[in-house]
Amino acid sequence: SFADDFEAIDPKSQFIFQSILDVSQHLDLDIAGRYVHRLERNDFAPLVPSYFTFDARIAYEFNNIVIAVIGQNLAEKTHLEFGTRKIPRSILGRVTCRL
C-alpha cells in the first residue's frame, strides 16, 4: 500500500548522543546531537543526504520559574529530513512557572 511504501523509508544508521548537565543549583545545560545516514531515492521520495545536527538548551531556575533559551538544528541553516522539506535552524525562549 501507499502507507507501507513510506513506512519502509528508513536510514541505514543513526547515532544520537545526549548530555544533561546541572552546571549549578539553578543552571542547566543540555545538548543533544544526531547523525542520520542518507535516505535512498525511491519511487515516492528523492534522495535525502546524510546530516549531523544538534540541539542545545540553557535554563536558569529560580523559585518556581524556569527561563530557558533553546536552539534546534544548530549545525546548519537548513537541512533535508524527508523528501524536499527543509528543516530550519531555530532559536526560541521559554518561561515556565511550576506551581
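Trainee: Is Tyr35 buried, exposed or partly exposed, at 31% relative accessibility?
Mentor: Buried means under 20% relative accessible area and exposed over 50%, with partly exposed in between (1.4 Å probe, protein chains only). Since Tyr35 has 31%, Tyr35 counts as partly exposed.

Trainee: What kind of model is this?
Mentor: Residues are numbered from 1 along each chain as its sequence is written, and side-chain values use heavy atoms, leaving out hydrogens and water. Local features need pLDDT of at least 70 and side-chain atom pairs pLDDT 80 or more, while totals for chains, interfaces and linings use all residues, as this model is predicted.

Trainee: Which strands each supply at least two residues of the nonpolar patch?
Mentor: A patch joins residues with over 30% relative accessible area and no salt bridge, like charges within 9 Å and nonpolar side chains (Val, Leu, Ile, Met, Phe, Trp, Tyr) within 5 Å. Here Phe15, Phe17, Ile31, Tyr35 and Phe52 form the patch. Strands are DSSP runs of E, at least two residues, numbered from the N terminus. Those that each supply at least two patch residues are β1 (14-22) and β2 (27-36).

Trainee: Which side chain meets Arg57 in a salt bridge?
Mentor: A salt bridge is a side-chain nitrogen of Lys or Arg within 4 Å of a carboxyl oxygen of Asp or Glu. For Arg57 the N to O value is 2.9 Å. The partner sits in strand β2, 27 residues apart from Arg57 in strand β3, and is Asp30.

Trainee: How many residues of strand β7 (residues 90-97) are buried?
Mentor: Strand β7 has eight residues and lies largely in the open. This is because the number buried is zero.

Conventions. Accessible areas come from the Shrake-Rupley method with a 1.4 Å probe; for residues, only the protein chains shown count as cover. Helices (H or I, at least four residues) and strands (E, at least two) are DSSP runs, numbered from the N terminus.
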